[in-house]
2 protein chains.
Amino acid sequence: MSDDQAKRTESDEVTLGRIETEVALLMRLGEATRRATGSAEHRVLDRAAYVILRHLDATGPQNVSALAARLNLDGSTVTRQVSALQRDGLIARAPDPADGRGTVISPTPAGLHRMAAVQAARTRLYGDILADWSPTDRDTLATLLGRLNQALDSRTRRR
Amino acid sequence: MSDDQAKRTESDEVTLGRIETEVALLMRLGEATRRATGSAEHRVLDRAAYVILRHLDATGPQNVSALAARLNLDGSTVTRQVSALQRDGLIARAPDPADGRGTVISPTPAGLHRMAAVQAARTRLYGDILADWSPTDRDTLATLLGRLNQALDSRTRRR
DNA sequence: GCATATAGCTGTATCGTACAGGTAATTCTG
DNA sequence: CAGAATTACCTGTACGATACAGCTATATGC
């Protein structure tokens with residue numbers, strides 16, 4: 001191995017370490033931010049509820065199993081989340097016409113509205129936080145995060 | 001407002017939405033990944049323990065309050081985590097010589113070793129996941145994540 | 001048409017976390 | 001410098017998110 005290759009390998013290792021660090025930090029900060037933002041708009045829509053509503057909005061009504069598979073959650077977890085959402089009138093259950101065992105979950109208008117409000121609040125938050133970033137940097141961040149997620153997701157599903 | 005400005009504003013809004021989406025996704029995937037990777041090396045060191053050990057390693061021995069403040073956690077949470085870590089021999093408590101109320105927490109060699117192992121495993125994971133990324137893209141991701149975290153952090157602390 | 005699989009639910013357990021309240025030590029203040 | 005306020009930590013308690021195991025009802029394959 002040439003010195004050059006050695007150096008490149010080493011710096012790659014360092015970069016991977018930085019990514020590991022930053023992702024860990026982001027998860028921690030994201031949690032803290034979510035909790036802190038909770039006062040006003042999040043108290044009304046906790047984490048899982050938001051994810052489920054987003055997913056329903058993005059990919060249409062579907063049954064519990066499909067949600068669970070897509071969100072990498074246990075079916076029982078989704079069942080409970082969905083029950084809570086139904087209690088709050090944010091989603092509706094309907095018997096699956098094509099499968100007597102299943103129930104199809106769809107967001108109610110109220111659910112979509114609530115979801116959109118949280119989404120807007122978060123988007124505003126990012127706008128605030130990234131106020132001094134160039135559009136290019138923002139765009140690059142969004143793109144690279146997207147690629148990272150795709151890579152992580154396909155890796156998660158592969159095994 | 002000119003059409004041009006309108007367009008730029010709109011696309012910025014879209015970008016912020018993408019960032020919001022991707023961060024939410026990353027948090028979810030990160031959790032799932034952590035849980036999935038758990039089988040081997042994480043069972044032995046759960047999330048909070050890892051963060052605490054990393055922080056101790058990075059910034060030296062310190063008391064519970066300092067850890068709590070830095071990690072945005074309640075003191076009681078840190079107390080319990082530290083107790084668990086102590087039970088497992090990964091950190092050591094010593095009375096703070098400068099303050100009779102406090103206890104200084106330091107990582108034990110075993111703790112550092114455990115932490116390094118998890119860190120290495122995760123870094124390897126990222127190396128695996130990002131195998132087909134260019135060094136430039138990896139570096140850019142690390143940098144932008146760092147900037148995002150810094151922005152999030154200072155925002156979190158400001159209020 | 002019976003055996004097996006699947007969809008969803010419920011019981012139970014665990015983990016991470018917060019908040020409230022307690023005790024001991026420290027620091028401030030008149 | 002003595003009492004008041006603060007701080008550091010711990011403990012009790014509660015909650016939310018999650019998983020796994022086991023149940024029932026329906027579907028599906030041989």
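A residue is called buried here when its relative accessible area is under 20%, exposed when that value is over 50%, and partly exposed in between. Keep that cut-off in mind as we walk through this predicted model, because it decides how each residue below is described.

The spacing has a simple background: an α-helix has 3.6 residues a turn, so residues three or four places apart point the same way. After α3(B) comes Asn72(B), with a positive phi near 60 degrees.

Let us step back to a whole chain. Chain A contains six helices and three strands, and along its sequence they follow the pattern α-α-β-α-α-β-β-α-α. Of the 159 residues in chain A, 43% are buried. If you take the contacts in chain A between residues at least 6 apart in sequence, 49% of them join residues at least 24 apart.

Now for the place where the two chains meet. Here 57 residues of chain A are in contact with 57 residues of chain B. The size of an interface is often given as the accessible area lost when the parts come together. For chain A and chain B the buried area is about 6,000 Å², and carbon and sulfur atoms give 66% of it. Glu20(A), Arg28(A) and Tyr126(A) supply 12% of the area that chain A buries against chain B, more than any other three residues.

The interface has a polar side too. The rule finds 16 residue pairs in polar contact across the interface of chain A and chain B, counting residues at pLDDT 80 or more. On the side of chain A that touches chain B, α1, α2 (47-59), α5 and α6 of chain A each supply at least two residues. The largest share of that side, 21 residues, comes from α1(A).

Side chains of opposite charge can pair when their charged atoms come close. Over all chains the count comes to 14 salt bridges, and 10 are found across the interface of chain A and chain B. One of these pairs is Glu20(B) with Arg54(A), whose closest N and O atoms are 2.6 Å apart. This pair crosses between chains, from helix α1 of chain B to helix α2 of chain A, and both Glu20(B) and Arg54(A) are buried. Glu20(B) also forms a salt bridge with Arg122(A), with the closest N and O atoms 3.6 Å apart. Glu20(B) lies in helix α1 of chain B and Arg122(A) in helix α5 of chain A, so this pair likewise joins two chains. Glu20(B) has a relative accessible area of 1%, while Arg122(A) is buried at 14%. Elsewhere, the side chains of Arg155(B) and Asp128(A) meet in a salt bridge at 2.4 Å, N to O.

The side chains of Arg87(B) and Asp88(B) meet at 2.7 Å, N to O. Arg87(B) counts as exposed at 63% relative accessibility, and Asp88(B) as partly exposed at 42%.

What about the nonpolar interior? In soluble globular proteins, nonpolar side chains tend to be buried together. The largest nonpolar core has 36 residues, and Val23(A), Leu148(A), Val23(B) and Leu148(B) touch the most other members. Both chains take part: α1 (3-42), α5 (109-129) and α6 (135-158) of chain A and of chain B each supply at least two residues of this core. Apart from this core lies another, of 18 residues, among them Tyr50(B), Leu53(B), Leu56(B) and Val82(B).

Leaving aside neighbours within four places in sequence, Leu148(B) is in contact with Leu26(A), Tyr126(A), Leu130(A), Trp133(A), Leu141(A) and Val23(B).

Our last stop is Thr108(B), in the loop between β3 (103-107) and α5 of chain B. Thr108(B) is buried, because its relative accessible area is 16%. Beyond neighbours within four places in sequence, Thr108(B) is in contact with Gly89(B), Leu90(B), Ile91(B) and Ala92(B).

Terms used
Residues are numbered from 1 along each chain as its sequence is written. Chains are lettered from A and ligands numbered from 1 in the order in which they are written. This is a predicted model: local features need pLDDT of at least 70, side-chain atom pairs count only at pLDDT 80 or more; totals for chains, interfaces and linings use all residues. Side-chain values use heavy atoms; hydrogens and water are left out. A nonpolar core is a set of buried Ala, Val, Leu, Ile, Met, Phe, Trp, Tyr and Cys residues joined through side-chain atoms within 4.5 Å. Buried means under 20% relative accessible area, exposed over 50%, partly exposed in between (1.4 Å probe, protein chains only). Helices (H or I, at least four residues) and strands (E, at least two) are DSSP runs, numbered from the N terminus. Contact means heavy atoms within 4.5 Å. Buried area is the accessible area (1.4 Å probe) that two parts lose on being put together, summed over both. A salt bridge is a side-chain nitrogen of Lys or Arg within 4 Å of a carboxyl oxygen of Asp or Glu. A polar contact is a pair of N or O atoms within 3.5 Å; within protein, one must be able to donate a hydrogen and the other to accept it, and residues adjacent in sequence count only if both atoms are side-chain atoms.
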